[in-house]
Amino acid sequence: METNNKIYFYPVWLRIWHGINAIGIILLIITGYTMQAGNESSVLGFNTSVNIHNISGIIVSANYLLFILGNIVTNNSKFYIVKPKNFLKRPMKQAYYYAWGMFHGMEKPYPLSEKRKFNPLQKYAYIGAMYIFVPFVIASGFALLFPEIIIESVYNISGIMLTAVLHSVVGFLIFLFLIIHVYVSSIGKSPKENFKSIISGWHHI
């Protein structure tokens, strides 16, 4: 839906999912760091961090099902379809715009429209985060909650340790994605404009 240079990009279900996901992932990052530090003198403490981390993980996992279901029953999934033509050229062109072009008055190479909610670089990043990183963190997180399902050893390496390390590494990649996501969201008509969009549902073009 488009009106007065605005597009209704974010329906209610997507805004609800986004809000729950944002809070949940922030809690997971904070408690994950506290757990890694293992510092009992921290504000939360180790045991409290573990409990909050586990509860947040379960909520984020259930919320992820809302994201998948929403994409199945609505047309939001079309924004995640990658076309093979110019598979690498398009994100490289967008990266050039971010690194140089937008600071020198260059026109956006892939302006948003009803058919394009993400530029190519965003699309690839979101696909990686939502369809690779998040499912892996959810699966490995549940494996750590129920360690009896983990293979005892892989090439003489503890299966639990390997799962924990990979869980932490991918969790850190999601943390990096979050930082970049917040930064890119500040680029637009004003630093607050995109944040208003995810609240109202309407995005300025």
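Modeller: A residue counts as partly exposed when its relative accessible area falls between the buried limit, under 20%, and the exposed limit, over 50%. The model here is predicted.

Biologist: Is tryptophan 100 buried, partly exposed or exposed?

Modeller: Tryptophan 100 has a relative accessible area of 41%. Buried needs under 20% and exposed needs over 50%. Tryptophan 100 is therefore partly exposed.

Biologist: How is the aromatic pair of tyrosine 96 and tryptophan 100 classed?

Modeller: A search of the whole structure gives 16 aromatic pairs. In the pair of tyrosine 96 and tryptophan 100, the centres are 5.8 Å apart and the planes make 25 degrees. Planes under 30 degrees apart count as stacked, so this pair is stacked.

Biologist: Is tyrosine 96 buried, partly exposed or exposed?

Modeller: The relative accessible area of tyrosine 96 is 44%. Exposed would need over 50% and buried under 20%. Tyrosine 96 is therefore partly exposed.

Biologist: Which residues does proline 191 touch, leaving out those up to four places away in sequence?

Modeller: Proline 191 sits in the loop between helix 5 (159-185) and helix 6 (193-200). Proline 191 is exposed, because its relative accessible area is 55% and the cut-off is over 50%. With residues up to four places away in sequence not counted, proline 191 touches Ser185 and Ser186.

Biologist: What pattern does the protein follow along the sequence?

Modeller: The protein has six helices and five strands. Read along the sequence, these follow the pattern β-β-α-α-α-α-β-β-α-α-β.

How values were computed: Residues are numbered from 1 along each chain as its sequence is written. This is a predicted model: local features need pLDDT of at least 70, side-chain atom pairs count only at pLDDT 80 or more; totals for chains, interfaces and linings use all residues. Side-chain values use heavy atoms; hydrogens and water are left out. Helices (H or I, at least four residues) and strands (E, at least two) are DSSP runs, numbered from the N terminus. Buried means under 20% relative accessible area, exposed over 50%, partly exposed in between (1.4 Å probe, protein chains only). Contact means heavy atoms within 4.5 Å. Rings of Phe, Tyr and Trp (its six-membered ring) pair if their centres lie within 6.5 Å; planes under 30 degrees apart count as stacked, over 60 as edge-to-face and the rest as tilted.
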